[in-house]
Amino acid sequence: MNLKHFTIRKCPICESSKIREILTKRTFIRNFKLEVSQVYAICAECSFMFTKNPLSNSDLEIYYSSNMQERKIGADENELSHIKDQINFLKQSLNFSNRAVLEIGANNGSFLMEYGAPESYYRELNVDSLSILKNKKNLKNFEEIPKEKRTSKFDQIILLHTLEHIVNPKKFIKSWVSYLKDGGVFFVEVPDFTFNDDNTDDFIFEHVNFFSEKTLRELFQNSGLTVIATQIALDPKYPACTKCVVRMIAKKAKNVFPQKISSKILLLKKREERWGIYFKNIDSKLAKLNSGSQIAIYSASWLTTECLEKTKLLDYNIVAIFDRDPKKQGTTIKNIPIESPDNLLSTKIDHIFVLNEGYENEIRQYFDKLGFPVGKASWWSDFK
């Protein structure tokens, strides 16, 4: 298929034309079965980082509707702990009622269920998520509210790991301001790019925005909102984002003037250089294995695809990729079959590479339960 890209010529936040390209990366997209080239750029005025050549909105809709991300019915222990931290931050920062709350990109509704607002609404596009949400007690679909009753309805609008996926974040925020009551707030959590260190998130295809505390603040200020609370947090056990996140609460208020933020350039190319070390360490492990070894991989993720592209794994005999998501089972990556982990013990395997960062502890526990030999496994954390 022919994918359509468009070029962003002005900063999506401050509209400066002083944009510098900093990195180009090619990524294989499984559900499109082709490779795309992504150009990452930074604004020299406000330091906002973004994808300069994102896919068209129509192609992005196709991607999200056909991707194979697993949708759980509820939150596990680590996710629930993270949600409680988010709620504590909200409650400590607000001094008014949270009677009517809307979460955009609500996934399975776990945040709304735990928050327990008297009126909890969701807006969700994913079909699998919608099938889960409709069965959650006390949660209501935003689309079922009559249009004439939506304006100024909500005390809070929640965006948790959603805004980094939105191509034009300022336009998006402005489009939802009218749904807030006077004094209402946005609550956002996104991967944090304030610091360029080991706890900074990595570039992946789905993320088109890379916010720091300063650029997220400027987004809200340029959208006519006042930031009233911010927090940078690190929760390595949170599988959706094991790196730092920035949380921010922005209030709907009048007569807010944007504040200029000093520009700076981050040395992002060094992050890609560090990935080269990961791949080199995987190749070093492979060199120590017998050339006839039966190798398996755990997790049919973007990380696995990246490793297959950038290491010597494909030079070896890979018998299977194991993944618990039934939608992935029966498909292939690079002609390697994806199977259920239930087949692990019945498959002849000399060594398995677990290429999954967020769920590593969970997978270790699963292997222990199965009785899979520890000595046959190499973990993503081993290659750092």
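E306 touches K25 and F279, leaving out residues up to four places away in sequence. This is a predicted model. The largest nonpolar core has 49 residues, and a second, separate core has 22. A search of the whole structure finds 28 aromatic pairs.

**E306 and helix α8**

- E306 sits in helix α8, residues 302-310.
- E306 has a relative accessible area of 8%, so this residue counts as buried.

**Helix α2**

- The buried residues of α2 are E79, H82, I83, Q86, I87, F89 and L90.
- The face turned away from the buried side of α2 carries exposed E77, K91 and Q92.
- Cover for the buried residues of α2 includes helix α3 (110-115).
- That cover also includes β7 (154-160), β8 (180-191), β10 (225-234) and β11 (244-252).
- At the start of α2, a side-chain oxygen of D76 comes to within 3.1 Å of the backbone nitrogen of N78.

**Helix α1**

- Helix α1 covers residues 57-66, and its buried residues are D59, L60 and Y63.
- Those buried residues line one face of α1, because they fall within an arc of 100 degrees seen down the axis.
- Exposed E61 and S65 are on the face of α1 turned away from its buried side.
- Strand β1 (19-29) is included in what covers the buried residues of α1.

- F220 touches I173, F186, V188, L225, V227, M248 and A250, with residues up to four places away in sequence not counted.
- The second, separate core of 22 residues includes L289, L303, L308 and I338.
- In soluble globular proteins, nonpolar side chains tend to be buried together.

**Aromatic pairs and cluster**

- The whole structure holds 28 aromatic pairs.
- F32 and Y63 form a tilted pair, 6.0 Å centre to centre, with 55 degrees between the planes.
- This pair links distant parts of the chain, 31 residues apart.
- F32 is in the loop between β1 and β2 (34-43), while Y63 is in helix α1.
- F32 and Y63 are both buried.
- F111 and Y115 have ring centres 5.3 Å apart and planes at 50 degrees, so this pair is tilted.
- F111 and Y115 both lie in helix α3, 4 residues apart, about one turn of the helix.
- F111 has a relative accessible area of 4% and is buried.
- Y115 also counts as buried, at 9% relative accessibility.
- One aromatic cluster is formed by Y121, F142, F154, F172, W176 and Y179.

**T332 and strand β14**

- T332 lies in strand β14, residues 332-333.
- T332 has 42% relative accessibility, so this residue counts as partly exposed.
- T332 and I321 are 11 residues apart in sequence, with C-alpha atoms 8.3 Å apart.
- Setting aside neighbours within four places in sequence, T332 is in contact with R30, P337 and I338.
- I338 is included in the second core.

**F195 and the β8-β9 loop**

- F195 is found in the loop between β8 and β9 (209-210).
- F195 is partly exposed, with a relative accessible area of 46%.
- F195 and S212 are 17 residues apart along the chain, and their C-alpha atoms are separated by 7.8 Å.
- F195 touches T200 and I232, not counting residues up to four places away in sequence.

Technical notes: Residues numbered from 1 in each chain as written. Predicted model: local features only at pLDDT ≥ 70, side-chain atom pairs only at ≥ 80, totals over all residues. Heavy atoms only, no water. Buried < 20%, exposed > 50% of the residue type's maximum accessible area, 1.4 Å probe, protein only. Helix = DSSP H or I, 4+ residues; strand = E, 2+ residues; numbered from the N terminus. Contact = heavy atoms within 4.5 Å. Polar contact = N/O pair within 3.5 Å; in protein donor to acceptor, adjacent residues only side chain to side chain. Core = buried A, V, L, I, M, F, W, Y, C linked by side-chain atoms within 4.5 Å. Arc of directions from axis to C-beta. Phe/Tyr/Trp six-rings, centres within 6.5 Å; stacked < 30°, edge-to-face > 60°.
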